[in-house]
Amino acid sequence: MGLFERYLSLWVALCIVAGIGLGAVVPGFFALVASAEIARVNLPVAVLIWAMIVPMLLKIDFAALGQVKEHWRGVGVTLFVNWGVKPFSMALLGSVFIGWLFAPWLASDQIPSYIAGLILLAAAPCTAMVFVWSNLCEGEPHFTLSQVALNDLIMVFAFAPLVGLLLGVASITVPWDTLLLSVMLYIVVPVVVAQLWRRSLLAAGGEPTLRRTLSVLQPLSLTALLATLVLLFGFQGERILAQPAVILLLAVPILIQVYVNAGIAYWLSRRLGVAWCVAAPAALIGASNFFELAVAAAISLFGLNSGAALATVVGVLVEVPVMLSVVRLVKASRGWYERRPA
């Protein structure tokens, strides 16, 4: 892992401090940023989110979809967990913890927004960081690439209906026009742009040119993420200072769903006789989230200063330490895994 990835949680924590401080010192700047909108799309944030998402999608080779059949059991497990378990389990956990158990310690008018943010976080499987986690646990690279490509393709068509369904079940009003616009802006268009760019880079200089471009863009992508977080916490500062425990409370259902979904994917893989080098990344793909997309969708649907935006940012805060712990768990349990069940 690079310096940025290894210490992502530290950078996020510093962004919390910087954002809250700047929000108190220069509130006029944040008001100006908030006013730069067209059709409910905040233009400065949209530019930052594109800078986050496009370099990550540039890594995806949709030609790898042809390799899906080589690891069909592992692919089936991750598809089931990503699309059949994770979003619904997060909706349940959010309702139980945020809507009930923790409700006395949260602002009542923000509780539906917090739950919506958690649902958005769980509705999109991770795209880029999965390659890091898979490499750390010595996962089968062709499986990881083909699974991520398949998830990205499904996300183009399934993200909006799934989010709409779960927000409706949670009695949260769904602005369908804004949701569909978010899907176009932050999934469909970036996927098309990234794939056209990828093809042009490969045609110009092959894999070395693509790798050089990615090495330049990766720090830009993470810098855009951190700048977005500073803006978000600048808007959220007053609420966080009034309820400093809100971040910890939002982290509880996120942590539970990561470990539960990773465990389900890992256990199912073992029961189905999937090789450990496929089961390990399957557990990680099943557990991790495309938090960049979640942040973008939350901002578009509910606004920069919403509880939904804050909830998705908490997902960024816990991503690195919790996923590293899952990597450690699957590596430590390899001996148990390879003792096949009767």
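## Helix α11

In this predicted model, helix α11 covers residues 276-287, and its twelve residues, at 1.5 Å a residue, should span 16 Å.

Helix α11 is mostly covered, since eleven of its twelve residues are buried. The buried residues are Trp276, Val278, Ala279, Ala280, Pro281, Ala282, Ala283, Leu284, Ile285, Gly286 and Ala287. What do the buried residues of α11 pack against? Their partners are the helices α5 (72-101), α7 (129-136), α8 (141-169), α10, α13 (307-332) and α14 (334-338).

## Val252 in helix α10

Helix α10, one of those partners, runs over residues 246-271 and contains Val252.

Once its neighbours within four places in sequence are left aside, Val252 is in contact with Phe97 and Phe102. Val252 and Ala160 are 92 residues apart in sequence, and their C-alpha atoms lie 25 Å apart in space.

## Gly84 in helix α5

Helix α5 is another partner of the buried residues of α11, and Gly84 has its place in α5. The relative accessibility of Gly84 is 39%, so Gly84 counts as partly exposed.

How far apart are the C-alpha atoms of Gly84 and Leu57? These two residues are 27 residues apart along the chain, and their C-alpha atoms are separated by 23 Å.

Definitions and conventions:
Residues numbered from 1 in each chain as written. Predicted model: local features only at pLDDT ≥ 70, side-chain atom pairs only at ≥ 80, totals over all residues. Heavy atoms only, no water. Helix = DSSP H or I, 4+ residues; strand = E, 2+ residues; numbered from the N terminus. Contact = heavy atoms within 4.5 Å. Expected span 1.5 Å × (residues − 1). Buried < 20%, exposed > 50% of the residue type's maximum accessible area, 1.4 Å probe, protein only.
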